Amino acid sequence: MRFRALRFLISALVATLPTAPLLAEDAVTRLTPAPVVSFRSGAAGRDLSLRDAPPASRPAATTSIVRPPSSGSTPSKTAPKVAMRTKPAPKPAPKPAPQTLVRTLPPSPAPPRSVLPPYTEPPPGALPPGARELALQPTTFTPYDRYLGSVRTVISNLEIREPGMLLVARMMKEGRRFRYCVCDPYRADPPALTEARRAGDCKSKALWLYDNLGDSNALFVIGKTEKRARTSHAWVYWRYDDRWWILDCTEQSNPIAADSVSSDRYVPYYSFGKKGAYRHKATRLILTGALHPSAKPVTGLR
C-alpha cells in the first residue's frame, strides 16, 4: 500500500513539471492551482493531503507561445501585429563636381619673321635647265635688290651667245689677271668700267664675265666661298654639257665642276638670270632665324 501511494505521488509530481524549458521572451505561463487530493493511508490511518495532477482535459498550466514570424513566412493569426516605423535611408551626399583647373600659359614667342616666302615647288617653265641640281627656288625678293641696278641692267641687255669651253677658259684667265680693288662694297661696277680699269672686286669681275659669256642660262651668284666665311662672294654658274660649272675669275683661272666641290665650299644664297631671281637651299636658314636677312658687303677674297 505504501509503495503504491509513493508511486502515485511521483506520477503526480512529474505531471506538474513542464515538458521543456521555455525562454521568458517565447512563452507566457499562467499557473492554476492544482486540486488537492485526499486519500487515506491504510497502514497509518492518516489522511494525506497531496497535490494531484489535473485531469487530462484541463492542463495544469496554460501556455501561450509567441514566436516572431520568420522572414518570408506568413505571420500567425495569434501573433500580435507590430507596426514598425522605419526611417528612410539618408540620401548620399552629392559628390562635388570635379574642378577644372584652367592654367594660363604664357604666350609662346613668335617664330622669327622671315622676309622670304615659304618654299614651294616652282613651275618647270620658271627655272633654267638643271635647276634641281642647284635647288633653285624662284623668289621676288632678295636682301641685295637695292644694290643690283647694274646687274639687272646687264641681264636685261644681254647679247645671247653660245660659248664653248675653250672660250670660257680664255675669258677666265683674262679676268684672273685683272687687278683686285674694291670701289663699292655693295654695288658691282658696269662691265665696261671693269674692263677699262682692268681692275675690280669679285662682284665686278663676275658681272664682267657674265656679260662676255652671253649665255641665257648662266646665273650671277651671291654666296660664300666657305660656309664659315664672314664676307660674301660673287661668281657665275654656267651650264655646259649637262653640268654646272663654277666660274670664279677672282680666285681661279679655270672653270670648276660644281659637283666636284664639297658642300662647305661655294655655298650659293641667291642667283640672278634671264628668267628671274632664285634663292638656294642655304637661304632656308634665314626662315629659322639662323641667318639675318640683311645684306652684307660682297667684297670677295684675293
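Visitor: How many helices and strands are there in the protein?
Guide: There are 6 helices and 13 strands, where helices (H or I, at least four residues) and strands (E, at least two) are DSSP runs numbered from the N terminus. This is a predicted model, in which local features need pLDDT of at least 70 and side-chain atom pairs count only at pLDDT 80 or more, while totals for chains, interfaces and linings use all residues. Residues are numbered from 1 along each chain as its sequence is written, and side-chain values use heavy atoms, with hydrogens and water left out.

Visitor: What is the strand order in the open sheet of 7 strands?
Guide: The order is β5-β13-β12-β8-β9-β10-β11, with antiparallel pairing. The edge strands are β5 (137-139) and β11 (256-257), each of which pairs on one side only.

Visitor: Why are β12 and β13 said to pair?
Guide: Two strands pair if DSSP finds at least two bridges between them, and 4 bridges join β12 (residues 265-273) to β13 (residues 276-279), so the pair qualifies. Ser 271 stands opposite Tyr 278 in β13, and a hairpin through 2 residues joins β12 to β13. β5 and β13 also pair in the antiparallel sense, over 3 bridges, with Arg 279 in β13 as the bridge partner of Gln 137.

Visitor: Which residues have the most contacts inside the largest nonpolar core?
Guide: They are Leu 213, Phe 220, Leu 247 and Phe 272, in a core of 34 residues. A nonpolar core is a set of buried Ala, Val, Leu, Ile, Met, Phe, Trp, Tyr and Cys residues joined through side-chain atoms within 4.5 Å; buried means under 20% relative accessible area, exposed over 50%, and partly exposed in between (1.4 Å probe, protein chains only). Helix α5 gives the most to this core, with 7 residues. Leaving aside neighbours within four places in sequence, Leu 213 is in contact (heavy atoms within 4.5 Å) with residues including Val 168, Val 236, Trp 238 and Leu 247.

Visitor: What makes the Asp 189 and Arg 197 pair a salt bridge?
Guide: A salt bridge is a side-chain nitrogen of Lys or Arg within 4 Å of a carboxyl oxygen of Asp or Glu; the N to O distance here is 3.8 Å, so the pair meets the rule. By this rule the count comes to 9 salt bridges.

Visitor: What makes Arg 265 and Glu 226 a link between distant parts of the chain?
Guide: Their side chains meet in a salt bridge (3.5 Å, N to O), and the pair is 39 residues apart, with Arg 265 in strand β12 and Glu 226 in strand β8. Arg 265 counts as partly exposed because its relative accessibility is 29%, and Glu 226 counts as partly exposed because its value is 37%.
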